[in-house]
Amino acid sequence: MALRLFNSLHRRVEEFTPLFPDAEFIGFYCCGPTVYDFGHIGNFRTFVFADLLRRYLEFRGFRVNHVMNITDVEDKIIRQVAATGLSLAEFTGRYTEAFLADLATLSCLRPHHLPKATDYIPQIIDLIQRLEQRGIAYRAGDGSVYFSINKYRACGCRYGQLVTLDPEAQRRTERVSGDSYDKDDLADFALWKARVAGDGAVFWDSPWGEGRPGWHIECSAMSMALLGPSFDVHLGGEDLAFPHHEDEIAQSEGTALQQPGKPFVKHWVHAAHLLVDGKKMSKSLGNFFTVRDLLSQGFLGREIRFLLISAHYRETFNFTREGLEGARSALARLDATIAQLTERAGSAAAETGTVPSGLETAFTEALDDDLNVSKAWAVIFDWVRETNGALAAGSLSPTAAAARLQAWLRVDGVMGLGGRPAEEVPAVAMALLEKRNAAKAARDFALADTVRSELKALGWTVEDSKTGSKLKRL
RNA sequence: GGCGGGGUCGCCAAGUGGUAAGGCACGGCUCUGCAAAAGCUGCAUCGUCGGUUCGAUUCCGACCCUCGCCUCCA
């Protein structure tokens, strides 16, 4: 069996194979955040999914070169820079750091490259010049440079690879914004935006005068600079498919830098949106939660991650508080099994050279099927129940427990949940536990129950077993 | 208006032309001083109406509802 992935380019599930079979790495690009504010968990759904896909590709034996850009120049950023009086670098630096911290909170592996748009101005200019030389880019009266979709098509290229376009219908509803009057065609988009008064100190010199790059060209420039003119996987939120990704293809393939027969990107992968109360989570609707919001409500990053990867990436997913609490309960059950397994295994080591466990085989089969995480979780929770049963029956040898643990660790290398961070039991709680044990020994159950309530009030729950009593964090 | 997704148990969510995974919540039993944890166990005929078929939740058609993209957006 091989990994099969939905490719937006062909709107069907396809076997994943590297674009260059002999290449050492798979080129993997994910459109990153615009750093003008804290990201919300809807944004992070895509990034967590990118992390999951990268981890799974690695699990499947590929070496991945993971690039995620940071958009650090854009309208909203410029507005904020003007409002705060900070420099562009200072302002975006803050939110870039916050973004990376949130990414780490959600147990995402750090991408290998995190290029910032402002570090790639020369590459962006080169790209636009090349498009200009090929007659695809043109300079408008306002000093901006636009991409001509008609000229691009005249070169034999296809515009409309990711979406089906009806130019007539589009034209009817397209808004005519102030700066569009200089375009030859309403659908054309900006490659370079001439400096305007509101830009303040945010501008660069270019062959077309002072200005700044258009949004779409940034990703073309950064991805091609780091991964070459053709690479394997390009990922992003579904809202980026059009026009952002479509324009990225046009700009990149418009340069004709690709080898004959090689596309800009082989597999386009789009992650569906996160909804809140059935509506898209977004800044403009105000119906969003940041990672920080949820952390301050006592949730852990791994619980948020679990929820975000509990549903298939191509389905919209409704975020609710109850869902997050459910994720916490499910994860706690999993944690308990792993803890028991660890205890049972002790210092025993799994036998070397063991064949992949049933868990790993079924897990792989599930994720090979277009990253069917729902199926994968079903596999994992079946395994949890089965393992708990064996544990309860005492039929698991330390070696067998170690083997199960090892299998889980490999699976978790993909899911990335990690263990629950250990929390030291405070002295007060320990004292109460001893007090309760004494009361129990004296068969003073009323006192024992009172003490148990006190512990609960402190956030600790008591679990009695044949081997003694334990405290667990609520 | 154009394009593209969805409607499956209280909630979340897989899936298949032959009577529907898993998670959370809920009920019963076992265990327990009582609980908790764990195990066992119970709990849906798949938006509506037609059609194709021996048989459809799964295919086709119509309709209803809903979300997204077409404009900055993960």
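This is a predicted model: local features need pLDDT of at least 70, side-chain atom pairs count only at pLDDT 80 or more; totals for chains, interfaces and linings use all residues.
Chain A contains 16 helices and 15 strands. Along the principal axes, the C-alpha atoms of the chain fill a box of roughly 90 × 50 × 35 Å. The chain has 474 residues, of which 40% count as buried. Among contacts in chain A with a separation of 6 or more, 75% are accounted for by residues 24 or more positions apart.

By class, the surface near RNA strand B has 23 nonpolar, 27 polar and 18 charged residues. Helix α13, which spans residues 373–393, gives the most to this surface, with ten residues.

Helix α12 runs over residues 358–368, and its buried residues are L359, F363, T364 and L367. These four lie on the same side of α12, because they cover an arc of only 120 degrees around the helix axis. In general, an α-helix has 3.6 residues a turn, so residues three or four places apart point the same way. The cover over the buried residues of α12 includes α1 (41–59), α13 and α14 (398–415). Just after α12, D370 adopts a positive phi of about 50 degrees.

A further packing arrangement involves helices α4 and α7. The packing of two helices is described by the angle between their axes and the distance between the axes. For α4 (residues 121–133) and α7 (residues 215–227), the angle is about 105 degrees and the axes are 9 Å apart. The two helices are therefore roughly perpendicular to each other. On the α4 side, the contact is made by Q123, I124, L127 and I128, and on the α7 side by I217, E218, S220, A221 and A225. Sorted by class, the residues of this contact are six nonpolar, two polar and one charged.

Several backbone features were also identified. Most residues other than glycine have a negative phi, and most peptide bonds are trans. S107, which is not a glycine, has a positive phi of about 60 degrees. This residue is found in the loop between α3 and α4. S107 counts as buried because 20 other C-beta atoms lie within 10 Å, and the cut-off for a buried residue is 20 or more. A256, likewise a residue other than glycine, has a positive phi near 55 degrees. The loop between α8 and β10 (265–271) holds A256. With 15 other C-beta atoms within 10 Å, A256 is partly exposed. A cis peptide bond, with omega of about 5 degrees, joins F242 and P243. P243 belongs to helix α8, which covers residues 241–254.

Helix α3 (residues 88–105) contains R94. R94 counts as partly exposed because it has 14 C-beta neighbours inside 10 Å. The C-alpha atoms of R94 and F16 are 37 Å apart in space, and the two residues are 78 residues apart in sequence.

Conventions:
Residues are numbered from 1 along each chain as its sequence is written. Chains are lettered from A and ligands numbered from 1 in the order in which they are written. Ala, Val, Leu, Ile, Met, Phe, Trp, Tyr, Cys and Pro count as nonpolar, Asp, Glu, Lys and Arg as charged, and the others, Gly among them, as polar. Axes are lines fitted to C-alpha atoms, for helices over the stretch in contact, and angles run from 0 to 180 degrees between N-to-C directions. Angles under 35 degrees count as roughly parallel, over 145 as roughly antiparallel, 65 to 115 as roughly perpendicular and the rest as oblique. Two residues are in contact if their C-beta atoms, placed from the backbone, lie within 7 Å. A residue is buried if 20 or more other C-beta atoms lie within 10 Å of its own, exposed if 12 or fewer, and partly exposed in between; C-beta atoms are placed from the backbone. The arc is that of the directions from the helix axis to the C-beta atoms.
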